[in-house]
Amino acid sequence: MNVVERIKQHLASPVVLFMKGTPDFPQCGFSAQVAAALREVGARYDAVNIFEDPELRDELKRYSNWPTYPQLYVNGELVGGCDIVLGMYQSGELAKVLATIRAGDEAAFVDVMRAGQRYLETHAQGAARHLVLVSRADA
């Protein structure tokens, strides 16, 4: 199985966090913060330790067009990295996104993600923050 197939295999799970380390032993402060936010909202998710697969770590940056880790995916779509996930957590949008996943409501998921994007655009300070939605059909 090639690396893109391995990435797509991981993305078949509803919620996936590609991170440095594991939720119980994060090896990066940003990964630790995202894992803590997911824990606080009671998220069920698969975690992928990018240090265990250097080829995947390198290819995922190209696949997602996102240069840093951690990377959170919901329904096969990139939500974003630490700043975006923490902003969504603080606004309550992260819990809403994950609730739509549990309910299996794709339309509600898209609506909540757009609301999260509007929140980040309004509250972005310093470096530009953006939310990337990539359709699984486009990947």
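The legends below describe close-up views of a predicted model.

**View 1. Ser 31 in helix H2.** Ser 31 belongs to helix H2, which covers residues 29-40, and it counts as buried because its relative accessibility is 0%. A polar atom of the Ser 31 side chain lies 3.0 Å from the backbone nitrogen of Lys 20. When residues up to four places away in sequence are left aside, Ser 31 touches Lys 20 together with Met 19, Pro 26 and Pro 70.

**View 2. Glu 59 in helix H3.** Helix H3 runs over residues 54-64 and includes Glu 59. The relative accessibility of Glu 59 is 18%, and because buried means under 20%, Glu 59 counts as buried. Not counting residues up to four places away in sequence, Glu 59 touches Val 3, Val 4 and Ile 7.

**View 3. The largest nonpolar core.** This core has 34 residues, and those with the most contacts inside it are Phe 18, Leu 38, Leu 72, Val 74 and Leu 94. At least two residues of the core come from each of the helices H1 (3-11), H2, H3, H4 (82-91) and H5 (93-103), and likewise from each of the strands S1 (15-19), S3 (71-74) and S4 (77-80).

**View 4. Leu 72 and the residues it touches.** Leu 72 is one of the residues with the most contacts inside the largest nonpolar core. With residues up to four places away in sequence not counted, Leu 72 touches Val 15, Val 16 and Leu 17, as well as Leu 38, Glu 77, Leu 78, Val 79, Gly 80, Val 85 and Leu 94. Among these, Leu 38 and Leu 94 are also named with Leu 72 as residues with the most contacts inside the core.

Note on methods. Residues are numbered from 1 along each chain as its sequence is written. This is a predicted model: local features need pLDDT of at least 70, side-chain atom pairs count only at pLDDT 80 or more; totals for chains, interfaces and linings use all residues. Side-chain values use heavy atoms; hydrogens and water are left out. Helices (H or I, at least four residues) and strands (E, at least two) are DSSP runs, numbered from the N terminus. Buried means under 20% relative accessible area, exposed over 50%, partly exposed in between (1.4 Å probe, protein chains only). A polar contact is a pair of N or O atoms within 3.5 Å; within protein, one must be able to donate a hydrogen and the other to accept it, and residues adjacent in sequence count only if both atoms are side-chain atoms. Contact means heavy atoms within 4.5 Å. A nonpolar core is a set of buried Ala, Val, Leu, Ile, Met, Phe, Trp, Tyr and Cys residues joined through side-chain atoms within 4.5 Å.
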